[in-house]
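Biologist: Hi! Could you walk me through the open and enclosed spaces in this protein?
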Amino acid sequence: MPTSVPVESYASFLNTRAARRKPSPIRALQAVLATAPAGLISLGGGMPNPALFPFSGISVTLRDGTVLSLSEESVRAALQYSPTPGIPELVSRLERVQRGEHSPPGAAGDRMAVMVGTGSQDLLAKAFDTFLDEETPVVIEAPTYSGTLAALEPIGCPLITIPSSTDGTGIDVGAVEELAAAFESGERAGPRPRLIYVIPTAGNPTGATMPLENRRRLYAAARRLGSLIIEDDPYRFLDFGEVVDPADADADAAAAAARSSTPVARTPSLLSMDEDGRVLRFDSFSKLLSAGLRIGTVTGPKELVDALGLHAQASCLHTSGVSQALVLELFRHWGVGDKTPPAEDGSARCMGDMEAHIAEVASFYRSQRDACIEAINKHLRDPGLAELYAVPSGGMFAWIKVPGLADTTALVKERAAAAGVLFVPGSAFVPGGGSAHSAFVRASFSVASHEQLDEAFRRFASAIRDSGSD
Ligand SMILES: Cc1ncc(COP(=O)(O)O)c(C=O)c1O
């Protein structure tokens with residue numbers, strides 16, 4: 001029976017560089033400072049004198065007209081160097097949010113730590129740079145997020161690519177189970193994958209969400225392989241709370257779902273089933289609050305989060321204090337993380353008024369998705385010009401196949417651009433250092449109006465027709 005990852009084993013997941021990193025003696029003083037008694041005279045650290053900063057106040061106006069003005073103390077915290085894991089009150093609110101949202105069980109719950117990063121991209125890149133080297137394989141879905149490939153490919157680690165399932169549910173979990181069986185039987189030799197990287201909700205680029213059962217099976221396969229799971233979940237809050245069969249990709253079904261006003265039941269995360277302490281979960285506030293804040297978080301076993309912290313101590317010291325302070329002020333205003341989730345019912349969410357904001361954001365993107373699907377059906381699917389991989393059940397992307405084409409790069413860059421529409425060619429999401437081929441394109445439905453979506457797919461249809469007439 002698999003057991004939880006022993007604390008001492010976490011060191012075996014670190015690469016040589018990560019194992020050599022030592023805590024910065026000066027950064028360590030930040031923790032002392034954060035809990036120091038009033039009246040402490042600090043001659044330590046290299047804090048610039050805040051009296052010389054040109055800023056004296058920070059205030060922001062919310063969309064509803066509310067003005068949030070940071071207190072003097074918050075402004076001071078925002079402008080000065082602060083602890084590497086994040087401004088302490090923000091981190092403790094985030095910890096309550098994560099416990100309420102995921103109730104990590106067993107070892108994961110006991111050892112859970114949260115660290116703030118400069119977007120989840122920063123934390124993912126730090127994770128890959130902490131755990132992987134040229135000899136340590138990593139399992140990824142193909143296609144996957146291009147930013148992950150950008151961070152992984154230069155490491156030179158062997159990429160075990162698992163194709164997306166044919167049923168529109170993201171990574172083919174059966175293939176991960178086969179991989180585990182191949183290692184167990186000895187049919188496959190060599191190092192086992194150190195990491196399994198997945199985007200469980202509304203994948204980028206596929207738009208697919210892994211159903212709960214697939215998440216459970218993936219977790220079980222990770223146990224068999226002895227791998228950590230990198231759960232990259234920036235679209236969790238853009239989950240429309242429905243799984244739609246791509247074979248049933250008609251606008252009526254989507255529109256019926258859109259009319260439903262029931263709060264979204266988000267699919268349980270991999271962190272929520274992490275008995276062993278093998279999941280590192282990455283969240284992002286880019287899609288929910290704003291991308292330019294560059295605020296993301298990593299949540300997982302303290303030993304692993306601390307390893308990313310040592311990386312941050314040597315790279316950025318900490319994420320922008322101004323961004324963190326703005327998010328903290330918003331959290332205070334909305335009551336995010338005010339409550340401690342009750343131990344006997346860890347599922348009680350602690351989102352406060354942010355839950356209403358999440359519902360608004362998810363509902364907006366759902367109506368965008370519906371308009372996108374309607375346009376795809378009208379201009380591409382019904383005339384038989386292209387197919388959808390899955391009806392996106394969240395997020396902001398549709399993954400569209402142009403049958404009969406080995407690669408869509410020329411179609412996108414030449415014909416479609418000339419017709420006045422832009423997509424990302426599918427090859428951007430396939431490992432291969434830019435030389436990969438893909439018959440897909442990724443369409444983002446996040447900012448175009450419904451009319452523009454209709455026109456975009458009309459133009460794309462004419463570009464596909466033109467390329468067929470060459
Ligand atoms: C799957 C995935 N992971 C991570 C990121 C990075 O997000 P952030 O803005 O938090 O760095 C993105 C951004 O698009 C993404 O799609």
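This is a predicted model: local features need pLDDT of at least 70, side-chain atom pairs count only at pLDDT 80 or more; totals for chains, interfaces and linings use all residues.

Biologist: Great. Which domains does the assignment give for the protein chain?

Modeller: The assignment lists domain 1 (9–356) and domain 2 (358–468). Their C-alpha centres lie 28 Å apart. Domain 1 brings 50 residues to the contact, and domain 2 brings 31 residues.

Biologist: And how much area do domain 1 and domain 2 bury between them?

Modeller: About 3200 Å², and 60% of that is on carbon and sulfur atoms. The size of an interface is often given in this way, as the accessible area lost when the parts come together.

Biologist: Which element gives the most to the lining of the largest pocket?

Modeller: That would be α3, with four residues. The helices that each supply at least two lining residues are α2 (25–34), α3 (72–79), α4 (88–102) and α12 (321–334).

Biologist: Nice. Where does the second largest pocket lie?

Modeller: The second largest pocket lies between the domains, because domain 1 (9–356) and domain 2 (358–468) both give residues to its lining. This pocket has a volume of about 590 Å³.

Biologist: Which residues lie nearest the centre of the second largest pocket?

Modeller: Those are Leu62, Arg63, Leu289, Trp334 and His357, out of 21 lining residues. Two or more residues come from each of β1 (59–61), α12 and α13 (354–381). By class, this lining has 13 nonpolar, four polar and four charged residues.

Biologist: Changing topic: how many cavities of 30 Å³ or more does the structure hold?

Modeller: Four. The largest cavity has a volume of about 80 Å³, and the second largest cavity has about 40 Å³.

Biologist: What lines the largest cavity?

Modeller: Its lining includes Leu94, Val97, Gln98, Glu101 and His102, along with Phe237, Asp283, Phe285 and others. The top contributor is α4, with five residues. Split by class, the lining comes out as seven nonpolar, three polar and two charged.

Biologist: And which residues line the second largest cavity?

Modeller: Glu141, Pro143, Thr144, Tyr197, Val198, Ile199, Gly203, Asn204, Pro205 and Thr206. Five of these residues are nonpolar, four are polar and one is charged.

Biologist: Is Thr206 buried or exposed, and why?

Modeller: Thr206 counts as buried because its relative accessible area is 2%, under the 20% cut-off.

Biologist: So what is Thr206 in contact with, leaving aside neighbours within four places in sequence?

Modeller: Its contacts are Glu141, Pro143, Ser164, Tyr389, Ala390 and Trp399.

Technical notes: Residues are numbered from 1 along each chain as its sequence is written. Side-chain values use heavy atoms; hydrogens and water are left out. Buried means under 20% relative accessible area, exposed over 50%, partly exposed in between (1.4 Å probe, protein chains only). Contact means heavy atoms within 4.5 Å. On a 1 Å grid over the protein atoms alone, a cavity is a set of points where a 1.4 Å probe fits but cannot get out, and a pocket is an open set with protein on both sides within 12 Å along at least five of seven lines; lining residues have an atom within 4 Å of a point. Grid points are joined across faces, edges and corners, and a volume is the space filled by probe spheres set on the points. Ala, Val, Leu, Ile, Met, Phe, Trp, Tyr, Cys and Pro count as nonpolar, Asp, Glu, Lys and Arg as charged, and the others, Gly among them, as polar. Domain bounds come from an automatic or database domain assignment. Buried area is the accessible area (1.4 Å probe) that two parts lose on being put together, summed over both.
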